Number of protein chains: 2
Amino acid sequence: MSTVPDLQFEIVARDACSHARCGILHLPHGDVETPVFMPVGTQGTVKAMTQEELEALDFRIILCNTYHLYLRPGHERVARAGGLHRFIAWHRNILTDSGGFQVFSLQALRRVYEDGVEFRSHLDGSTHYFTPERAIAVQHALGADIIMAFDECPPNPSSYEQARAAMERTHRWAVRCLQAHDTAQALFGIVQGSVYEDLRAESARFISELDFPGIAIGGVAVGEEKAEIHRVVAFTAPLLPVEKPRYLMGVGEPDDILQAVACGVDMFDCVLPTRLARNAAMMTRRGRVNLRNARFAEEFGPVDPECDCPVCQRYSAAYLHHLFKAKEILAARLATFHNLYFYQRFMAQIRRAIREGNLEQFRGEFLQSYTPEQEPVPREE
Amino acid sequence: MSTVPDLQFEIVARDACSHARCGILHLPHGDVETPVFMPVGTQGTVKAMTQEELEALDFRIILCNTYHLYLRPGHERVARAGGLHRFIAWHRNILTDSGGFQVFSLQALRRVYEDGVEFRSHLDGSTHYFTPERAIAVQHALGADIIMAFDECPPNPSSYEQARAAMERTHRWAVRCLQAHDTAQALFGIVQGSVYEDLRAESARFISELDFPGIAIGGVAVGEEKAEIHRVVAFTAPLLPVEKPRYLMGVGEPDDILQAVACGVDMFDCVLPTRLARNAAMMTRRGRVNLRNARFAEEFGPVDPECDCPVCQRYSAAYLHHLFKAKEILAARLATFHNLYFYQRFMAQIRRAIREGNLEQFRGEFLQSYTPEQEPVPREE
């Protein structure tokens, strides 16, 4: 039903020893090199950052949340502003999720029907109703470059029957989303199936056969163990059409990204670098460090001596420690900038490793010195 | 007792119709053109700003608070970092207050003796004791370019007897501060005397006769009516030595600054632009506007169409309204940047008007369109 040719995705390099590939997403607001990490701008702002800083860090696409923007400021207001790009003054690409993940996270505040989901606003308790058609209409009003199908995201753990029911509804809703879609925005489908390989295989097959220009793996960042995420991704990603971009929703940690890239995933989003930053955790080549820790009180050198970001070039760990203790806005700002710089450099290293044919070597070296955290990302945004 | 020549203050232009003048403060971390507005970096950061942004806005001097930095991170830690400039990575000038104003503001938490003031930390309730010698020693450790004498700042209203006692103690303490001072930092004296003209005259005479390279008017931003502040400044400033820089502490609003400049004041500091910004108030040529106001919800143009700051050039009032409603850090960031830009442009306009001999005309034009607020600055930092 789309009125213009599908999104153009060009694969420019493939890894010989894995499913990894480098590509270029040709989108209305500029090209995006993949594998790509998309920072999360829940309410139309990547928390603590300006759009100028995101540009300086060379982000070409950010994610915004339909659920949040629908409630505030409202998709109709955004449409009157001329769309989300103009409203937030971000002239590069935007991906909006469908609201499904947030609405299903509301737990006590929502009721699921075959037709859609009734939910109550976390802001004022008002009642709302999202159907696949409504989720698409809201995303049309927001006007992002990539929009997502409205899916049912089951909790973890889910029984096999629960997972199957959610998957089947996701499939019926995927068809309805496609039928409701009539703009030039690229609408991505979402594979569900929880941790069950036969369901993931069935969902991958069903969604792949529909006319989506890109496909996401959903429901994998909802509380599983790391090994479980890795297993599901390793199983599912290679089942998706090789010529379409693959997007792993809500992931993740650098080691998760490395693993998923090797499985052929092209796109990632996660609140991790920004949320961690506001909780005083900064990413380094060796793993996370917590700047509130007393060991930084008199560390007058940079947080990460190996980092060439403007924060580490100018400010000391002791100053950041002080700013976090004093609850200063600058703490969140500097830590967020540093963490996003870390992710951008990391993704660039991954792309180069794929192009140069040494992804496995890069991954081995990276994981040798990097200690992944087992703690979950703190909830907050 | 200072080990190097006094601070150099060069007067480069005088207004014919008032006491106003343009000058250059030659300080260790660069020249500062006066009249100058110093943004307040209470805890070693101008709230919501980076040091890079302050440089981009061409601020040459900021104020930091001795009381706050003494308590956290501690002046000794700052000294071990190599001083405040290195600790906060600000390579331009810094002025520290003496802690007197904050300590006297603690009201229930302090006890005043002839020797000094005992007070309890607002952070942890611990007991501390500041004498003039101690306040100077702490400021030596911080290492600012300009430091302030430890004074007794009486509340408003104060009885004549209260005001006289505080002034006399301020004078005795001023002598002790000078005796304790043995670094190349420029130590400024402070004139007190509350709203009483004979006390202000006596204090101006006493402080002017001491060997201070600069003189501040203290105790004028402690709750008086605007007209009262104007009267005290108009009376006191011309009594100070014409060759020394004059600093009006804690003021103020644009109209207050204009009035004080005409009385011959050279230096200002105030939390107004930064604190207002965090409370959604943005300064415009017509007065303050509150971005939380519903009238901005669909104002898709800039906050101030006459403003050429990067915020007004890129972001809409509707977006700022949304960011404030959503309590996003970016709201405080953009509003703070805009307000500080407003102050810098305003001070540059004042300096140009003095140089070009039309300060009265500029003042008249400015006050014709600018509506000063009568509301006090919200307390918070």
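Me: What should I know about the numbering and the model before I start?

Reply: Residues are numbered from 1 along each chain as its sequence is written, and chains are lettered from A, with ligands numbered from 1, in the order in which they are written. This is a predicted model, in which local features need pLDDT of at least 70 and side-chain atom pairs count only at pLDDT 80 or more, while totals for chains, interfaces and linings use all residues.

Me: Which domains does chain A have, and how far apart do their C-alpha centres lie?

Reply: Domain bounds come from an automatic or database domain assignment. For chain A, that assignment gives domain 1 (35-269) and domain 2 (277-369), and the C-alpha centres of these two domains of chain A lie 28 Å apart. Their contact takes 15 residues from domain 1 of chain A and 17 residues from domain 2 of chain A, where two residues are in contact if their C-beta atoms, placed from the backbone, lie within 7 Å.

Me: Which elements give two or more residues to the side of domain 1 of chain A that touches domain 2 of chain A?

Reply: They are β4 (36-39) and α10 (254-262) of chain A, and the largest share of that side, five residues, comes from α10(A). Helices (H or I, at least four residues) and strands (E, at least two) are DSSP runs, numbered from the N terminus. By class, this side of domain 1 of chain A has eleven nonpolar, no polar and four charged residues; here Ala, Val, Leu, Ile, Met, Phe, Trp, Tyr, Cys and Pro count as nonpolar, Asp, Glu, Lys and Arg as charged, and the others, Gly among them, as polar.

Me: How do I read the packing of α13 and α14 of chain A?

Reply: Two packed helices are described by the angle between their axes and the distance between the axes. Axes are lines fitted to C-alpha atoms, for helices over the stretch in contact, and angles run from 0 to 180 degrees between N-to-C directions. Helix α13 (residues 317-325) and helix α14 (residues 329-355) of chain A pack at an angle of about 130°, with their axes 7 Å apart. That angle makes α13(A) oblique to α14(A), because angles under 35 degrees count as roughly parallel, over 145 as roughly antiparallel, 65 to 115 as roughly perpendicular and the rest as oblique.

Me: Is the crossing of α13(A) and α14(A) left-handed or right-handed, and which residues meet there?

Reply: The crossing of α13(A) and α14(A) is left-handed; a crossing is left-handed if the near helix is turned anticlockwise from the far one by less than a right angle, and right-handed if clockwise. On α13(A), L320(A), L323(A) and F324(A) meet L330(A), A331(A), L334(A) and A335(A) on α14(A), and the residues of this contact divide into seven nonpolar, no polar and no charged.

Me: At what angle do α6 and α7 of chain A cross?

Reply: Helix α6 (residues 132-142) and helix α7 (residues 160-180) of chain A cross at roughly 45°, and their axes come within 8 Å, which makes α6(A) oblique to α7(A). The crossing of α6(A) and α7(A) is right-handed. P132(A), E133(A) and I136(A) in α6(A) meet W173(A), R176(A), C177(A) and A180(A) in α7(A), a contact that has five nonpolar, no polar and two charged residues.

Me: How many residues does the contact take from chain A and from chain B?

Reply: The contact takes 29 residues from chain A and 29 residues from chain B. The elements that give two or more residues to the side of chain A that touches chain B are α3 (75-80), α4 (84-88), α13 and α14 of chain A, and α13(A) gives the most, with five residues. The residues of this side of chain A divide into 15 nonpolar, five polar and nine charged. Because 100% of the interface residues of chain A are also interface residues in chain B, the copies meet through the same surface.

Me: Where is the cis peptide bond in chain A?

Reply: A cis peptide bond joins V251(A) and G252(A), with omega about 0°, and G252(A) has its place in the loop between β13 (246-248) and α10 of chain A.
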